[in-house]
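Here's a quick tour for anyone opening this model for the first time. Have a look at the picture, then read on.

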Number of protein chains: 2
Amino acid sequence: MDAMGLEWLSASEAARAIAAGEISSEQLVEACLARIRSAEPRVQAWQYLDPDHALLQARARDLDHKEGRPSGPLHGVPVGIKDIIDTGDMPTEDGTVLHAGRTPHADATVVAMLRASGAVIMGKTVTTECATYAPGKTRNPHNPEHTPGGSSSGSAAAVAAGMVPLALGSQTNGSVIRPAAYCGVYGFKPTHGLIPRQGILKLSRSLDQVGVFARTLEDIALLAEQLTGFDEHDPDTRPRARIPFVQLAASEPALDPLIAFVKTPVWERAEDETREAFAELADVLGAQCQELELPVSLSDAWGWHRTIMEAEMAANFDLEWEKGRDRLSESLRGQLARGREIRALDYHKALARIPKLIDGFDEIFARYDAVMTPAAAGTAPAMATTGDPAFCTLWTLCGFPALSLPLMSGANGLPLGVQIVGPRGDDARLLRTARWLVSRVQAG
Amino acid sequence: MDAMGLEWLSASEAARAIAAGEISSEQLVEACLARIRSAEPRVQAWQYLDPDHALLQARARDLDHKEGRPSGPLHGVPVGIKDIIDTGDMPTEDGTVLHAGRTPHADATVVAMLRASGAVIMGKTVTTECATYAPGKTRNPHNPEHTPGGSSSGSAAAVAAGMVPLALGSQTNGSVIRPAAYCGVYGFKPTHGLIPRQGILKLSRSLDQVGVFARTLEDIALLAEQLTGFDEHDPDTRPRARIPFVQLAASEPALDPLIAFVKTPVWERAEDETREAFAELADVLGAQCQELELPVSLSDAWGWHRTIMEAEMAANFDLEWEKGRDRLSESLRGQLARGREIRALDYHKALARIPKLIDGFDEIFARYDAVMTPAAAGTAPAMATTGDPAFCTLWTLCGFPALSLPLMSGANGLPLGVQIVGPRGDDARLLRTARWLVSRVQAG
């Protein structure tokens, strides 16, 4: 196999080639590092990267292979890690000067899981400030004048730019789906509680969810399969049998899936070309897609999300507020100031809405395999902002699995993402539905 | 076996005798009903009791036995149910006129578990108003001028008065341990999350814990063993292997347990005779008991408990507040009024203390098998109040298993309870330690 272009291999292809001895992990990581050397000045996806340390890991994996030690499904494959996820061998700075130089003593559970799967921990990708709204340095690989989206900016951009085949992010509102859509890669945020959050910066226990980025659906399945599991340190995880993501995502549905095209109460924020693109998309899907109106009362959900997020953030960032709020961005300071004044009563009332909201979707998901809706209002806006997460809010609040599919593009040539959403726990089937949808669109 | 005095059989004896065909469930239930007829005018332990319905259940169990159908460990044994625990065949009124006449459509999980174990659901026992502080009608069986304690007033009194061998209660502060101590029975509040709370009036998810009452330790183990388990509707329960409560509680410890006598920061509230009684008790235990001082900083825990309880109660009783707060007692109204003004930030800060508190006891429970401390300040006070829960607050907040042992009495002849507390999850061993302690005291 030619070493040229290795950086564009999918993780699944790369893992297979490494296992077959066709390429070494060192070759793959070297190709990715070369790509980073050339593209990083423009994209700026990395907060921390030590090429020697990445190559050291790669050579250790190659030695494992040579000496016949057992290897995992990601053996030798490099993964980028959002810089709010602790790594015991690299700094984790959370996108704020208040945590600059912070060096955790242990890996987050997901990082330990990746290492156990044989992955090479490539480095730390740029996050917005504390995974909220104030942008980091990263730019959209398709056009550096535009945002990559946030808060998992570096992870989405690094995967899109061919710097790593896989990356981890997190979503409390729209921080996986939105940057995936803006950067034109697949982004997957599984069901709340499916992936353990121990060792990841806490914004909001009720809303924080780990997500993954890749350039193929198969890779999304491969990465997600390594990360689900019970962690006694994450009270929202549950012991469960291993989910066969890869197998289910690759299988054919017995019946063509039925998709509910849902505009949601934030549809008015969708740009004209987004509206047109979705109308065309619905046409392509034909009888397998039905437009579905959600009750107007659902529009309160955006307020409940905000109450929960800001109240929990105020508690989790109490120390930062007390010690250094003048070093926080105005937007984060505003969130915390509001959060500190929320009454426990209003917080609990908002929380109590979540199970009722989820129940309200029972009938929809009994009939439809997935909800289809924009991933964002349009293509990536200019660099001053990370874009509007509103098209993700409802699904994040419900903890539903959501996936951004890089199926369309805008007049400016930037990617336009399609979001599909499934019921809680039905993550692997959502990937299967996505695969069907992608093939249907590509055929249409 | 003589039918006279069947009401004083322990549940373990009764279950054995029923299984052996020596007595019928109907005979047992009839004896308990006779006891209720004679003692109820004085004790007033029952909020709802339909003797015919109880006898109907007993006869059905006897028919099961006659026809050789499989039977559970409580086959034919009557159990009293605190009137905040839903029963699908009887009202559940929560001790407030606002819920008068309320008839649930389904059993609470614990009631369903009891039925699956073959128990006869005898009736509903008196609770204080919404399981908080305003007393119900129940009186102390040892002296009707004195309180039975609260909030599980009827359950403790009914077991003490020989009306049922077993009863269920609940504890959010001191609602199992305190009435058990005042009424001179065993009361056991297992680890938070061990017994599912689905179908039980919610005061505080973080603090509500189900408890059990019996006249013997063996019966406590027997009843607890039927009630532990996972319930998907109680997010604080976890799937776990069945705990062999009966077997472990009956076993001999390999080494004599070491007991930490802990006065706690509320020791100043202990009455003189309580102080003297505990000094004597420590003497009797000799080298197996060491006095242990807790850090003064722990005294903040009572405030954290109050913040959590009142904030969560305000959310859970929001409807009662909005629709009928003038029909609530002044004390409950005061709790809710305070709870409604608590900031989410302060609530979360208090919540965040719990795991740290629990960790702080690691060293103590590594060295000591159990903590020994008063169950209450003294014997039961006069009827105007249900007594002070302060000696239970710290242990409830930590979710530690706690047990009240009816080992002593005051100068007024009323019972004086000894509370022992163990580490989370070590419930069955705590019963074994209790058995050792009881035998040591009875021998001393």
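Two strands count as paired if DSSP finds at least two bridges between them. With four bridges, strand β9 (residues 370-374) of chain B and strand β11 (residues 415-421) of chain B are such a pair, and they run in the antiparallel sense. Keep in mind that this is a predicted model.

- Chain B has an open sheet of 11 strands with mixed pairing. Reading across, the order is β1-β3-β2-β4-β6-β5-β10-β11-β9-β7-β8.
- Which strands stand at the edges? They are β1 (46-48) and β8 (289-292) of chain B, and each has a single partner strand, so one side of each is left without a neighbour in the sheet.
- Going from one strand to the next, the twist averages 35°.
- Strand β2 (residues 78-82) of chain B runs parallel to strand β4 (residues 166-171) of chain B, and three bridges join them. If you want a spot to look at, B:Gly80 sits opposite B:Ala167 in β4(B).
- There's a helix lying over this part too: α3 (residues 51-66) of chain B goes across β2 and β3 (120-125) of chain B, at about 160° to β3(B).

**A closer look at β9(B)**

- Is strand β9 of chain B mostly covered or mostly open? It's mostly covered, with five of its five residues buried.
- Besides its antiparallel pairing with β11(B), β9(B) has a parallel pairing with strand β7 (residues 259-262) of chain B, through three bridges.
- B:Phe261 has B:Met372 in β9(B) as its bridge partner, while B:Thr373 stands opposite B:Gln419 in β11(B).

**Helix pairs in chain B**

- Helix α7 (residues 217-227) of chain B packs with helix α16 (residues 427-443) of chain B, their axes 10 Å apart and at an angle of about 170°. That angle is over 145 degrees, so α7(B) counts as roughly antiparallel to α16(B).
- On the α7(B) side, the meeting residues are B:Leu217, B:Ile220, B:Ala221 and B:Ala224; on the α16(B) side, they are B:Asp427, B:Leu431, B:Ala434, B:Arg435 and B:Val438. This contact has seven nonpolar residues, no polar ones and two charged ones.
- Helix α10 (residues 301-316) of chain B and helix α12 (residues 330-341) of chain B cross at roughly 95°, and their axes come within 7 Å. Since 65 to 115 degrees is the range for it, α10(B) is roughly perpendicular to α12(B).
- Here B:Glu310, B:Ala311, B:Met313 and B:Ala314 from α10(B) meet B:Gln335, B:Leu336, B:Arg338, B:Gly339 and B:Arg340 from α12(B). By class, the contact of α10(B) with α12(B) has four nonpolar, two polar and three charged residues.

**Where the chains meet**

- Chain A and chain B each put 15 residues into their contact.
- On the side of chain B that touches chain A, helices α10, α12 and α13 (344-360) of chain B each supply at least two residues. Which of chain B's helices gives the most? That's α13(B), with five residues.
- The side of chain B that touches chain A divides into eight nonpolar residues, one polar residue and six charged residues.
- From the chain A side, A:His348 touches B:Glu312 and B:Ala315. A:His348 belongs to helix α13 (residues 344-360) of chain A.
- Is A:His348 buried or exposed? It counts as buried, because 22 C-beta neighbours lie inside 10 Å and the cut-off is 20 or more.
- A:Trp304 is 44 residues away from A:His348 along the chain, and their C-alpha atoms are 9.8 Å apart.

- Helix α7 (residues 217-227) of chain A is mostly covered, with 11 of its 11 residues buried. Among them are A:Leu217, A:Ala221 and A:Leu227.

Note on methods: Residues numbered from 1 in each chain as written. Chains lettered and ligands numbered in written order. Predicted model: local features only at pLDDT ≥ 70, side-chain atom pairs only at ≥ 80, totals over all residues. Axes fitted to C-alpha atoms, helices over the stretch in contact; angles between N-to-C directions. Contact = placed C-beta atoms within 7 Å. Buried ≥ 20, exposed ≤ 12 C-beta atoms within 10 Å, placed from the backbone. Parallel < 35°, antiparallel > 145°, perpendicular 65-115°, else oblique. Nonpolar A, V, L, I, M, F, W, Y, C, P; charged D, E, K, R; others polar. Lists of a residue's contacts leave out its neighbours within four places in sequence.
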